[in-house]
Structures are given as structure tokens and as C-alpha cells.
Amino acid sequence: MKNKQKKKSNGKWLQFLILVAVGAVSGLPFFRYLEHSTNEGLTGMGLILSYILTFVCLYLALLVQIIVHEAGHLIFGLMTGYRFSSFRILNLMWIKKDGKIMFKRMATLVNGGQCLMSPPDLIDGQMPVMLYNFGGVIMNAVTALLCLGFSLLFSSYSIAWLFTVFLAIIGFAFALLNGIPFNLSTMNNDGRNALDLSKNPETMRALWIQLKVTELLSEGLRVKDMPDEWFVVPSDESMKNGLIATVGVLACEHLMDKHQFNEADMLINRLLTTENGVVGIQRNLLVCNRMYIELITNNRADVLEKMRTKQQLKFMKAMRGIPSIIRTEYAYALLAEKDGLKTETLLWQFDNCALTYPYPSEIQSNMELINIAYHVMQNRFDGGNV
């Protein structure tokens with residue numbers, strides 16, 4: 001566990017140093033442009049507009065490179081036998097369902113974007129993975145080089161010059177931040193996943209399962225209705241690999257969707273207390289499931305209090321657009337706080353989430369869990385046994 005924490009710490013420091021370097025390099029064209037504006041005699045509103053334009057250029061360059069990165073995964077995925085499943089930029093998402101591309105919204109603060117593909121069939125346990133994983137890094141690096149060259153075509157200190165320079169700097173930064181393998185607490189980057197895939201053959205199947213589950217979710221299939229063999233929990237040793245550990249997390253979702261709450265609780269406890277590759281966001285979501293199970297079973301105030309840490313509550317607030325989090329907060333308001341007004345508000349939030357959420361089967365699953373919590377409350381109120 002100490003070695004793993006040390007690796008994550010090293011990853012954080014390396015990421016921090018890259019971000020500091022990017023900030024310093026970005027500051028050069030930023031301040032040179034503002035200095036040029038001042039020398040040109042701009043004052044008052046004109047100078048304020050120059051400041052605003054620099055920040056707009058920086059934001060747009062960041063957004064463009066996010067799109068370029070995800071487009072890289074898409075392009076190289078299609079080139080190597082993958083099929084389009086979904087494409088997300090910020091909270092805007094395009095997802096394939098019934099052969100059509102549909103627009104949805106998905107609230108998340110995990111990353112700026114994500115491109116998920118339907119995987120090709122495994123042949124002797126293998127499928128092409130490296131180009132799909134590194135497609136974003138390749139595209140960021142290529143566009144950065146092109147933009148660096150294009151910046152020479154524009155007059156110095158023009159908006160076009162500033163924008164292309166920002167595109168080049170951020171493109172190189174994305175290539176480094178995603179290409180260098182990082183052990184981070186929130187999620188693994190492309191380089192880390194590629195390294196894991198090259199080391200362990202079991203990882204290939206784990207990635208295939210994750211992509212296949214996402215594909216079937218987009219088609220409306222419930223996790224509980226997917227093949228049981230996909231959700232066999234790997235050994236603790238295997239789950240030290242982040243991609244393989246995700247199969248363990250999916251196994252929890254499989255049990256939750258089947259309403260096998262005791263088994264789910266035991267597996268969650270195992271994943272949270274052993275050394276493994278389960279990353280931060282997955283851990284937070286596992287705690288949400290465990291909180292829900294505690295609420296509908298023993299409902300012990302002291303146990304719930306231990307789970308509702310400051311960090312956990314901060315996560316749940318930031319990700320409040322996720323159905324499982326709304327469901328857990330509903331159960332807490334209903335069974336622990338006994339706050340009727342709050343439960344009504346949370347039901348309204350859940351209904352709004354359902355209108356645009358890309359995976360309707362998850363809405364259905366969590367609606368069932370909301371109903372279970374409601375029936376538990378009724379049984380307790382009537383003095384019945386749960």
C-alpha cells in the first residue's frame with residue numbers, strides 16, 4: 001500500500017511540475033500580448049478588452065485541444081476495428097443508440113471529455129489497444145506542432161498569433177499529461193492504461209468487458225441482464241492493476257442491480273479495504289452504494305456518519321447529476337433525516353436527470369432502488385419487518 005501511495009504521490013508531483021511549466025510558458029505570450037497592447041496606446045476599455053481576449057483565447061485553445069484529444073481516440077479507434085459508442089465534451093454527449101447518434105447531457109467533473117468505443121472481438125484474448133489508447137496523445141502532439149508552425153505565419157502580437165501559440169502550448173501539455181503514465185487518485189491516464197495493458201494479458205479482457213458494458217448500457221440493457229461471467233471478481237493480486245480492478249467495481253454494480261445487497265456490501269468492503277487499483281471516483285461511488293445498503297438495512301447513525309466524510313460529501317455535491325448519487329441522497333433524506341421536503345426535491349432532481357441522462361437502463365435501476373427505500377420506510381413506519 002505504501003509503494004502504491006508513493007507512486008501516486010510521485011505522479012501528482014510530476015503532474016504539478018508539468019502544469020507549472022505550462023503556466024510559465026503560457027505566461028510569456030500572454031504578457032507579451034498585453035505589453036504590446038499597452039505600447040500601442042490602448043487604455044481604459046480597449047485595454048480591458050485585450051485582457052478579456054487573452055483569457056478567451058486561452059479557454060478556446062483548451063477546449064479545442066480537449067476536442068482534438070477525444071477525436072484522436074475516435075479516429076485511431078475506428079482505424080483499428082472499434083465502433084463508435086459515445087463522444088463527450090464537458091457535459092455535452094453524443095451517444096449511439098439503435099443505429100442513431102443522439103444528443104444527451106451527462107454531469108461529470110472527472111475530466112474534460114471522453115470517447116468510448118465498442119470493442120472488436122477478442123481473438124486469442126487479444127485486440128488492438130495501443131493506437132486507441134494513444135490516439136489522443138498523438139493528435140494533441142501533431143496539432144501542437146502544426147499550430148507552432150502556423151503561428152509564424154501571423155503578425156506578432158495579433159489575436160491569431162496568440163491563439164495558435166496557446167493551442168501549441170496546451171497541445172504539448174496534453175500530450176505529456178496523458179502520455180506519461182501517471183498513478184493518480186482520481187483516475188488513470190492513457191499512458192497508465194497503456195502500460196497496464198502491455199504488462200498483463202488479463203488486462204486486455206478487463207478493458208474489453210468495460211467497453212462492452214458501456215456499449216450495452218447505451219443500447220438500454222441492464223447490468224443485471226448482462227452475462228454473469230463478465231462480473232466474476234478477479235483476485236486481490238490481479239486487482240492491483242487499475243483496469244482489472246474496474247471489473248471488481250462493475251461486479252458491485254451487477255450485484256446492486258440484482259438487489260443482492262449483502263453480497264454487494266461484502267464485495268464493497270473488500271474493494272475498499274484491500275490494496276488494489278480502484279481509483280478515487282470509483283471508491284466514492286462504492287461508498288455511495290454502501291451508504292444506501294446501510295440505510296435500507298441496519299440504518300446505524302454512527303456507521304453512516306463515518307461514511308459521510310467531508311471528502312465524500314464534497315464529491316457527492318460535485319457529482320449530484322449522477323443517478324446513483326441522487327438515489328443515495330434520497331435514501332438518506334428519507335430514512336436517516338426523515339425530511340419529506342428534501343425527498344420531494346431529490347425526486348424532482350432525479351426526474352430532471354432522467355430526461356437527458358444517456359443511459360436509461362441506469363435510470364430504471366436506480367428508480368427501483370428509490371422504490372425499495374420508500375417501501376423500507378413504510379415498513380418501519382408500520383412497525384413491520386424489513
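A residue counts as buried under 20% relative accessible area, as exposed over 50%, and as partly exposed in between. By that scale Trp-94, at 33%, is partly exposed. This is a predicted model. The chain has 386 residues, and 48% of them are buried. It contains 14 helices and four strands. Among contacts with a separation of 6 or more, 67% join residues 24 or more positions apart.

**Aromatic pairs**

- Five aromatic pairs occur in the structure.
- Trp-94 and Phe-103 form a tilted pair, because their ring centres are 5.5 Å apart and their planes meet at 55°.
- The tilted class lies between two cut-offs: planes under 30 degrees apart are stacked, and those over 60 are edge-to-face.
- Phe-103 is partly exposed, with a relative accessible area of 44%.

**Arginines over tyrosine rings**

- Arg-308 places its charged end over the ring of Tyr-332. The distance to the ring centre is 3.6 Å.
- Arg-327 lies over the face of Tyr-292. Here the distance to the ring centre is 5.1 Å.
- Both Arg-327 and Tyr-292 also touch Met-256.

**Helix H9 against helix H11**

- Helix H9 covers residues 280-296, and helix H11 covers residues 310-318.
- Their axes come within 10 Å and cross at roughly 95°.
- H9 is therefore roughly perpendicular to H11.
- On the H9 side, the contact residues are Ile-281, Asn-284, Leu-285, Val-287, Cys-288 and Met-291.
- On the H11 side, they are Gln-311, Gln-312, Phe-315 and Met-316.
- Seven of the residues in this contact are nonpolar and three are polar. None is charged.

- Met-256 belongs to helix H7, which runs over residues 242-257.
- Its relative accessibility is 2%, so Met-256 counts as buried.
- Leaving out residues up to four places away in sequence, Met-256 touches Phe-261, Ala-264, Asn-289, Tyr-292, Ile-293, Arg-327 and Leu-369.
- Val-223 is 33 residues from Met-256 along the chain. The C-alpha atoms of the two are separated by 9.2 Å.

**Thr-343**

- Thr-343 sits in helix H13, residues 340-356.
- Thr-343 has a relative accessible area of 6%, so this residue is buried.
- Beyond its neighbours within four places in sequence, Thr-343 contacts Tyr-330, Ala-333 and Leu-334.

- Leu-90 has a positive phi, near 55°, although it is a residue other than glycine.
- Leu-90 lies in the loop between strand S1 (83-89) and strand S2 (92-97).
- Its relative accessibility of 35% makes Leu-90 partly exposed.
- Asn-299 likewise has a positive phi near 55° and is a residue other than glycine.
- The loop holding Asn-299 runs between H9 and helix H10 (301-307).
- Asn-299 is partly exposed, with a relative accessible area of 21%.

Definitions and conventions
Residues numbered from 1 in each chain as written. Predicted model: local features only at pLDDT ≥ 70, side-chain atom pairs only at ≥ 80, totals over all residues. Heavy atoms only, no water. Phe/Tyr/Trp six-rings, centres within 6.5 Å; stacked < 30°, edge-to-face > 60°. Buried < 20%, exposed > 50% of the residue type's maximum accessible area, 1.4 Å probe, protein only. Lys NZ or Arg CZ within 6 Å of the ring centre and 35° of its normal. Axes fitted to C-alpha atoms, helices over the stretch in contact; angles between N-to-C directions. Helix = DSSP H or I, 4+ residues; strand = E, 2+ residues; numbered from the N terminus. Parallel < 35°, antiparallel > 145°, perpendicular 65-115°, else oblique. Contact = heavy atoms within 4.5 Å. Nonpolar A, V, L, I, M, F, W, Y, C, P; charged D, E, K, R; others polar.
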